[in-house]
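Have a look at the model first, then read on.

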Amino acid sequence: MDLDQLAALRTPEGSAALDAAARVAGGDPLTAAAALRSAGLPAGLASAALTQAELRRRAVGKFGPAAARMFLTRPGLEQATRGVVAARRADRLRAAGVRTLADLGCGLGTDALAAARAGIRVYGVEADPVTAAMAAANAEATGLAELFTVECGDATAFDVGRVDGVFCDPARRRAGTGRRIFDPNAYSPPWDFVVGLAERVPYTVVKVAPGIDHALVPAGAEAEWVSVDGDLVEAALWCGELARVPRRATVLRGRAGLPADAPGVAAEASGRPTGPDGCHQLTGSGVTEAAVGPPRRFLYDPDPAVVRAHLVAELADVLGATLADPSIAYLYADAPTPTPFARCLEVTDVLPFSLKRLRSLLRERQVGRVEILKRGSALEPEKLRRDLRLAGDEPASLVLTRVAGAPTVLVCRPVG
Ligand SMILES: C[S@@+](CC[C@H](N)C(=O)[O-])C[C@H]1O[C@@H](n2cnc3c(N)ncnc32)[C@H](O)[C@@H]1O
């Protein structure tokens, strides 16, 4: 996609082409292209419209119904924040008092649009001309052009004195190859610039990879890890006035859409879960260690946001639970307390790991279907499944782990 193609798609003829492409997208691409050409569309316009239609279909999981109006590039979509995450972040910025925001490296504008939707005036800066033009087109397509404007340029040159807040989601993929960048010093804009923003702007938020090393979290910043439907999707550093606690785990459930009226941030929690609206937050220091004891009747497998935020001890406190190994994030308790922060299983058997013993126990129970979870075990679940040579109709959950350092398998069943 280039600027001319984007301009063509934004004419009335282009808009009709996009509508036609949406009707035929999703099936065989050759048949779809032939259908558009036989409807009289020029080949170039048909191809650009079809690409957009395919990207919009793919974007529904991230943006919900709003995807149908957006202009997208493949790399832009891959790097874009999920709508539900952007909406919560925007609400939190607005609730903190941010009224003007710079989005430095705004990409296709997902975060900027969410902030604009929350009533914040957003100035986007984007280095790539096509992406910048698409972000502007997205502002218009969503009726937010008065609140979100985009300039094409280098984010490091933006005068942050013009705004009271800044958001930066640096590129973590190499332009051209799309390969992931793991070293923050290779991010664009560069890491030094990104973390230095906090010293220049009182309300600074930086989106980072969920694998970020805790040692890179700037002193005094709040580091938040976010999961959606159990998938760890990102981390964010909330700096300056925005930092409330050292560590936060935010667990979002089943709302892939980008509702215009996304609900506000759940009340602040201090080590306690909150959130009646599909958003649950656990906070804490990130340095507390949970007590260790023997395995107990109920096992909790914490959400990855809780684990990455180093809040397993805080969750243990909420659940009255303990670890069975100081280095493994499974928790054990005597009661099945419902929690959005972990999956709960009832432990029926605890065995030192032995293939022979496990096989004979599962045969005895007529277990024919197993799900296999593991932490702290080098075993390959699929190889184990084959080696077990299961026969029977009963289901079971197997947890491969260590108990006080010893390789152990727990036979479990899900708690409703
Ligand atoms: C991770 S993407 C942003 C995605 C965006 N938050 C979203 O959800 O749609 C980072 C963007 O920063 C842009 N970028 C990288 N370095 C930049 C710089 N120095 N100035 C402006 N933009 C830059 C890249 O072109 C890319 O589009």
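How do the residues of the shell around the ligand divide into nonpolar, polar and charged? Bear in mind that this is a predicted model. The shell splits into eight nonpolar, nine polar and five charged residues. In total, 22 residues surround the ligand, and the closest are Gly105, Gly107, Thr110, Ala127 and Ala155. Helix H7 (110-117) and strand S2 (121-126) are the elements that give two or more residues to this shell.

Now for the annotation. An unreviewed UniProt entry lists residues 103-168 as "domain: Methyltransferase".

Next, the inside. The largest nonpolar core has 123 residues, and Ala21, Ala49, Leu101, Ala115, Val306, Leu315 and Leu331 have the most contacts inside it. Helix H4 (residues 43-63) supplies the largest share of this core, eight residues. Setting aside residues up to four places away in sequence, Ala21 touches Leu36, Ala49, Leu50, Gln52 and Ala53.

Last stop, Gly376. You'll find Gly376 in the loop between strand S14 (367-374) and helix H13 (381-388).

| Residue | Contacts beyond four places in sequence |
|---|---|
| Ala21 | Leu36, Ala49, Leu50, Gln52, Ala53 |
| Gly376 | Asp325, Ser327, Ile328, Thr401, Arg402 |

Gly376 and Ser327 are 49 residues apart along the chain, with 8.2 Å between their C-alpha atoms.

Note on methods:
Residues are numbered from 1 along each chain as its sequence is written. This is a predicted model: local features need pLDDT of at least 70, side-chain atom pairs count only at pLDDT 80 or more; totals for chains, interfaces and linings use all residues. UniProt positions are given in the numbering used here, feature names are shortened, and annotations may be inferred rather than shown by experiment. A nonpolar core is a set of buried Ala, Val, Leu, Ile, Met, Phe, Trp, Tyr and Cys residues joined through C-beta atoms within 7 Å. A residue is buried if 20 or more other C-beta atoms lie within 10 Å of its own, exposed if 12 or fewer, and partly exposed in between; C-beta atoms are placed from the backbone. Helices (H or I, at least four residues) and strands (E, at least two) are DSSP runs, numbered from the N terminus. Two residues are in contact if their C-beta atoms, placed from the backbone, lie within 7 Å. A residue is near a molecule or strand if its C-beta atom, placed from the backbone, lies within 6 Å of it. Ala, Val, Leu, Ile, Met, Phe, Trp, Tyr, Cys and Pro count as nonpolar, Asp, Glu, Lys and Arg as charged, and the others, Gly among them, as polar.
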